[in-house]
Amino acid sequence: MDSPAQLVIIAGLVIGLVYGAVGLLSGFCLMSSMRGWLAAGDGRLVRSYALAIAVAIAMSQFLAGEGMVDLGKSIYLQPTFSVPVLFLGGLLFGYGMVLSNGCGSRALVLLGGGNLRSFVVVIVLAIAAQMTLKGLIAPARIALVQASQTTTGANSLPTLLTTLGLGEALSRVLCAAAIVVALVLFAFAHPAFRRSPGQIAAGVVVGLLVAAGWYITGYLGADDFNPVPVTSLTFVAPIADSLQYAMLSTGLTPNFGIATVAGVFAGSLVTALTTGRFHLEGYSSPRHMLRSAGGAALMGIGGVMAFGCSIGQGLTGISTLALGSFIAVAGILLGTTAGLRGSLRVQPLAVA
């Protein structure tokens with residue numbers, strides 16, 4: 001393994017360690033954010049998430065504008081994508097997230113804190129994602145994509161503005177600035193959030209971690225002879241790859257995603273042990289386990305179809321300003337809302 005590739009893996013581990021610690025201490029999670037906002041009227045977590053998006057966009061677009069990272073090499077800014085598959089994948093992921101009481105990254109964080117329910121979620125998510133990527137479900141996914149994909153030259157908000165005659169640099173600045181300002185105003189308009197330094201810090205740190213991932217893989221990891229994929233924080237495919245690597249490590253090479261997954265678990269575990277937060281938890285009933293596993297399967301399938309999860313698309317994809325990412329995130333938000341409110345609401349289980 002050459003030096004740039006080693007650097008990417010080490011950096012991925014460090015990014016994961018920080019994310020795991022922050023996630024455990026702050027409760028950073030889109031599903032928890034939506035639940036607190038829609039059901040309990042507590043908007044602090046959702047504003048922490050909004051702040052993370054703002055920081056991720058600002059820093060990622062700065063890196064791209066300075067020529068330090070070519071975001072066009074990521075999976076999010078491809079000229080061809082399927083709107084129906086991205087949206088449907090987002091719907092499945094969002095609803096599955098409610099069934100499992102958290103996304104893949106949250107499951108890793110909770111697993112480090114001793115939550116054994118999250119072990120089932122991680123394993124089932126990994127298997128379902130691998131089946132959708134390369135296994136039994138893959139042919140159906142590929143057929144859906146081929147039947148509905150669209151090729152466009154305007155695959156992001158900045159490129160959409162350039163079709164109106166604006167320059168590339170100005171389009172990037174205008175789009176990023178408009179979204180960042182709106183998100184920051186939304187976050188800090190809430191008095192309770194302004195009085196929550198821990199949630200503010202969590203949003204800033206997670207947003208910076210997204211930009212750090214781009215910098216590590218797109219700049220420090222750049223190598224003409226052995227290039228690494230340009231990516232950042234995302235969890236569905238990396239969790240699937242991590243399970244495969246754990247079972248079949250001979251002949252396989254760890255990558256940024258696998259290192260990040262390991263780091264998140266380790267960071268959460270160390271933080272839980274050192275702060276007295278570690279305690280074992282299990283399922284309250286077989287029905288609880290079935291619901292959780294079903295949600296994990298939906299997240300694995302939907303996350304692959306949507307090219308990412310609530311972090312992979314909700315933060316990392318959005319930071320590229322890709323149109324496909326906004327479509328996927330719209331599906332995730334709608335699926336999550338359907339699971340939390342309305343006729344399709346996931347009913348709370350009775351505590352045993």
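1. The largest pocket holds about 800 Å³ of space. A pocket here is an open set of points on a 1 Å grid over the protein atoms alone, where a 1.4 Å probe fits, with protein on both sides within 12 Å along at least five of seven lines; lining residues have an atom within 4 Å of a point. Volume is the space filled by probe spheres set on the points, which are joined across faces, edges and corners.

2. The model is predicted: local features need pLDDT of at least 70, side-chain atom pairs count only at pLDDT 80 or more, and totals for chains, interfaces and linings use all residues. Residues are numbered from 1 along each chain as its sequence is written, and side-chain values use heavy atoms, with hydrogens and water left out.

3. The lining of the largest pocket comprises 34 residues, with P229, T231, A237, D241 and N255 nearest its centre. Helix 12 gives the most to this lining, 4 residues (helices are DSSP runs of H or I, at least four residues, numbered from the N terminus).

4. The second largest pocket has about 610 Å³ of space. Its lining numbers 31 residues, and R35, V98, S100, N101 and H288 lie nearest the centre.

5. S319 belongs to helix 15 (residues 312-319). Why is S319 counted as buried? Its relative accessibility is 0%, and buried means under 20% relative accessible area (1.4 Å probe, protein chains only). Beyond neighbours within four places in sequence, S319 is in contact (heavy atoms within 4.5 Å) with A56, I57, S60, Q61, L71, V210 and W214.

6. L315 touches residues including F28, Y49, A56 and V210, not counting those up to four places away in sequence.

Definitions and conventions: Helix = DSSP H or I, 4+ residues; strand = E, 2+ residues; numbered from the N terminus. Buried < 20%, exposed > 50% of the residue type's maximum accessible area, 1.4 Å probe, protein only.
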